[in-house]
Each structure stands twice: as C-alpha cells, then as structure tokens.
Amino acid sequence: MAEQRLLFVCLGNICRSPAAEGVFLHLLEQEGLSDQFVVDSAGTGGWHAGNPADRRMRAAAERRGIHLPSRARQITLADLTDFDRILTMDDENFRNVRSLARELGERPGLASIEPMTSHCRQFSDREVPDPYYGGEQGFEHVLDLLEDACAGLLECLRREAR
Ligand code: 4NP
C-alpha cells in the first residue's frame, strides 16, 4: 500500500476525533501496518488547542486497551492538501470542512471529505454523536461506532490499494 494520510475531524478535538485517531492507530498496530500511514486529528474549533483528550474519553478507551496520544489542534487550510482523506464525525463537521475546502477552490490534490459513519458495517447511525455533555454511556457508544467504522475504513483502503 502507498502511504496514506488520514485526518479525523470533530468539533473540539478532545473527544470523538482523538478517539478515532487512537482506535485507528491501535488497529494499524494489530495489523502491522503502522509504517504505511500518517494519522492525525483536528477540531473545527480551536478552544481546546494544546489539551489532551477529555479524561472520560481516555478512560473509556483505556478500558479497551486503546491509548489516545492526541493533543488538540484546530484544522487549517493546509490540512486539506496535506492529507489524502478527512473523516468527519457529524453533519456539522462535514459542512464546515467542506466550506473550508471551498475556500481553496477546485484543484487537484485536495483531500476527500467523508462522514466517518459511511464506513460502519454494523451500525447504521448517520453521525458519531458528541458525548461531551452526556454520561458515560455516550463515550462507550462513540467507541463502539469508531471501532466499527475504523475496521470498515481499513478494509476500504485495502480494497482500493489492490
Ligand atoms: P468533540 O466534543 O467535538 O468530540 O471533541 C466536544 C468537546 C468540547 C466541546 C464540544 C464538543 N466544547 O464545546 O467545548
């Protein structure tokens, strides 16, 4: 597989997208594919820049043996050309990243922008819901969705590389 550059995007970059990054990195490690990918995450908002992932999200991930190494940062225009694929967590993130891409106009080499849930195979949810203001169950559901979507995403990338 040629090197793939993936960016996971949510609103704050402290719950869903750092979890997506960690789940995907964990999967790559299990599959022995870590050196073939560049994986990062970002938020459409910048309020939490520099912060580690939310402690509830980190704790829920650790219970599944998944480490979340991310520090929050805001997405930039350069990300649209530095990455091959941008995976968004909800409809609002999708719209915001699309409108950022429109600022660059039509040009070759722009990242594809896809809803993360489009890669789910077991769940039919349209969005990865924001768990920030909810209870513990919300963080578990985010991880369930992301484990499903990350497995589907890797399968999709492998299929395309054939
Ligand atoms: P995330 O969750 O987008 O999954 O990182 C959020 C975290 C913080 C806020 C919103 C969403 N916030 O408004 O501070």
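The ligand is surrounded by Cys10, Leu11, Gly12, Asn13, Ile14, Cys15, Arg16, His48, Asp130, Tyr132 and Tyr133, each with a heavy atom within 4 Å of it. This is a predicted model, in which local features need pLDDT of at least 70, side-chain atom pairs count only at pLDDT 80 or more, and totals for chains, interfaces and linings use all residues. Residues are numbered from 1 along each chain as its sequence is written, and side-chain values use heavy atoms, with hydrogens and water left out.

- A polar backbone atom of glycine 12 is 2.8 Å from an oxygen atom of the ligand; a polar contact is a pair of N or O atoms within 3.5 Å.
- An N or O atom in the side chain of arginine 16 is 2.7 Å from a ligand oxygen atom.
- For histidine 48, a polar side-chain atom lies 2.8 Å from an oxygen atom of the ligand.

**Helices α1 and α5**
- Helix α1 (residues 16-31) packs against α5 at an angle of about 50°, with the axes 9 Å apart; helices are DSSP runs (H or I) of at least four residues, and axes are lines fitted to C-alpha atoms over the stretch in contact, with angles running from 0 to 180 degrees between N-to-C directions.
- Residues of α1 that meet α5 include Arg16, Ala19 and Glu31, where contact means heavy atoms within 4.5 Å.
- The residues of this contact divide into 14 nonpolar, no polar and four charged.

**Helices α2 and α5**
- Helix α2 (residues 55-62) and helix α5 (residues 136-161) pack at about 55°, with their axes 10 Å apart.
- Arg56, Met57, Ala60 and Ala61 of α2 make the contact with Phe139, Glu140, Val142 and Leu143 of α5.

Conventions
Helices (H or I, at least four residues) and strands (E, at least two) are DSSP runs, numbered from the N terminus. A polar contact is a pair of N or O atoms within 3.5 Å; within protein, one must be able to donate a hydrogen and the other to accept it, and residues adjacent in sequence count only if both atoms are side-chain atoms. Ala, Val, Leu, Ile, Met, Phe, Trp, Tyr, Cys and Pro count as nonpolar, Asp, Glu, Lys and Arg as charged, and the others, Gly among them, as polar.
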